Structure formats: structure tokens, C-alpha cells
Amino acid sequence: EDALAGIAEPVLSLENVVELLSGLTGFSQYFKGFPQGEIEALASHICVVRVAARARVFKAGERATFLALVLSGGLVTDLPGRLPVPCEAGALVGHADLFLSGARPADVYTTADTVLAVLAYHELAAIYLMDPLFGIKVLRMAGYAAVDDLQRAL
């Protein structure tokens, strides 16, 4: 995705992305309930990238264009006036921006060399057009993560 240009390098082939996503169903609280056919369909819309330690992944105020699932490494969210929020493997980031203003609310940095599964927002639309029920299921994953964030903030 454009926001990652210059800081991220693609690391996996489509076959490897399918294998990786299949394994996620065992440890990510958001990535569950996807049968193999849906995993294969989703894999064709995801780009897995490696980002070096201490790189900024999101910049506060920039237009949000993608969400990402942390596969390894970690991120930290720097919200103004709040303590930094760590995001470890299995965490979904960039999801709330789908439902809010469309601008990133905070800077997000990698805490170590990090691997992300990136899903561009325009790919969500393509998934929905391909299969509306599947598209809603993927959006629901983002919605669950946003609700969890709100509950933790209370």
C-alpha cells in the first residue's frame, strides 16, 4: 500500500500467504471461522510485508488506506495524551479507521522487525463485490476488533 512504500518489502508468494493465513486461525482472536476456500480467496487480496524496527507504519492525520494483521514482531500506538499501546502478533491495526473519519488518529511504529499482512481498503470493496457474504464476514472481523478497542478504552 502507498503508505508503506519505502519502508516495507513484500516477503511471501501467494501459496505462502495461504499457508500463513491458515495458521492464523489458531492464534488470532479475529481471524477465526474462515474455511480454506475463503482463506485462499482472501490471500489473493493480501500483501505480506516486512517492516524494519522503529519504522512509522501509520502517521496521525494521514488518510487511512489499509488495515494490517501483525504476524510477527510488534507495533506501538502513540495516541496523544495516552500511554503507548503495544500490539503483538495476532493484533489487527488500522481497522477502526474504516468506521471513523478515515484519517489515522495516531502514529504507529514498529517495535522490532515486523511482518504484517496488509489488506488495502479498496481490496475490501473487491472482496465484497466478488462475494457479498464473504465481504461482510471480513468487515465483521474489523468491526470486532474496533469493539474490543472501545471496550479496553472504557
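Where is the place of Leu67? Leu67 sits in strand β4, a strand being a DSSP run of E with at least two residues, as a helix is a run of H or I with at least four, both numbered from the N terminus.

## Basis of the model

This is a predicted model, in which local features need pLDDT of at least 70 and side-chain atom pairs count only at pLDDT 80 or more, while totals for chains, interfaces and linings use all residues. Residues are numbered from 1 along each chain as its sequence is written, and side-chain values use heavy atoms, with hydrogens and water left out.

With a relative accessibility of 4%, Leu67 counts as buried, the term for under 20% relative accessible area, as against exposed for over 50% and partly exposed in between, with a 1.4 Å probe and protein chains only. Its contacts (heavy atoms within 4.5 Å), leaving aside neighbours within four places in sequence, include Leu92, Val93, His95, Leu119 and Ala142. Leu67 and Ala120 are 53 residues apart in sequence, yet their C-alpha atoms are 6.4 Å apart in space.

## Nonpolar cores

A nonpolar core is a set of buried Ala, Val, Leu, Ile, Met, Phe, Trp, Tyr and Cys residues joined through side-chain atoms within 4.5 Å. The largest one has 29 residues, of which Leu21, Phe31, Leu42, Ile46, Leu119 and Val138 touch the most other members. Two or more residues each come from α1 (14-24), α2 (36-43), β2 (46-51), β4, β9, α3 (121-130) and α4, and the largest share, 5 residues, comes from α4.

Leu42 touches Leu21, Phe31, Leu119, Ile127, Phe134 and Val138, when residues up to four places away in sequence are not counted. A second, separate core of 16 residues includes Leu4, Phe66, Leu75 and Val93.

The buried residues in α1 include Val17, Val18, Leu21 and Leu24. They cover an arc of only 120° around the axis, taken from the directions from the helix axis to the C-beta atoms, which puts them on the same side of α1. An α-helix has 3.6 residues a turn, so residues three or four places apart point the same way. Among the elements that cover the buried residues of α1 are α2, β2 and β4, whereas the face turned away from the buried side carries the exposed residues Glu15 and Glu19.

## Cavity and pocket

On a 1 Å grid over the protein atoms alone, a cavity is a set of points where a 1.4 Å probe fits but cannot get out, and a pocket is an open set with protein on both sides within 12 Å along at least five of seven lines; lining residues have an atom within 4 Å of a point. Grid points are joined across faces, edges and corners, and a volume is the space filled by probe spheres set on the points. The structure holds 1 cavity of 30 Å³ or more, and about 70 Å³ of space lies in the largest cavity. Its lining includes Phe31, Leu42, Leu67 and Met141, and β4 gives the most to that lining, with 3 residues.

The largest pocket has a volume of about 860 Å³, and of the 32 residues that line it, the closest to its centre are Thr77, Val85, His95, Asp149 and Arg152. The largest share of this lining, 6 residues, comes from α4.
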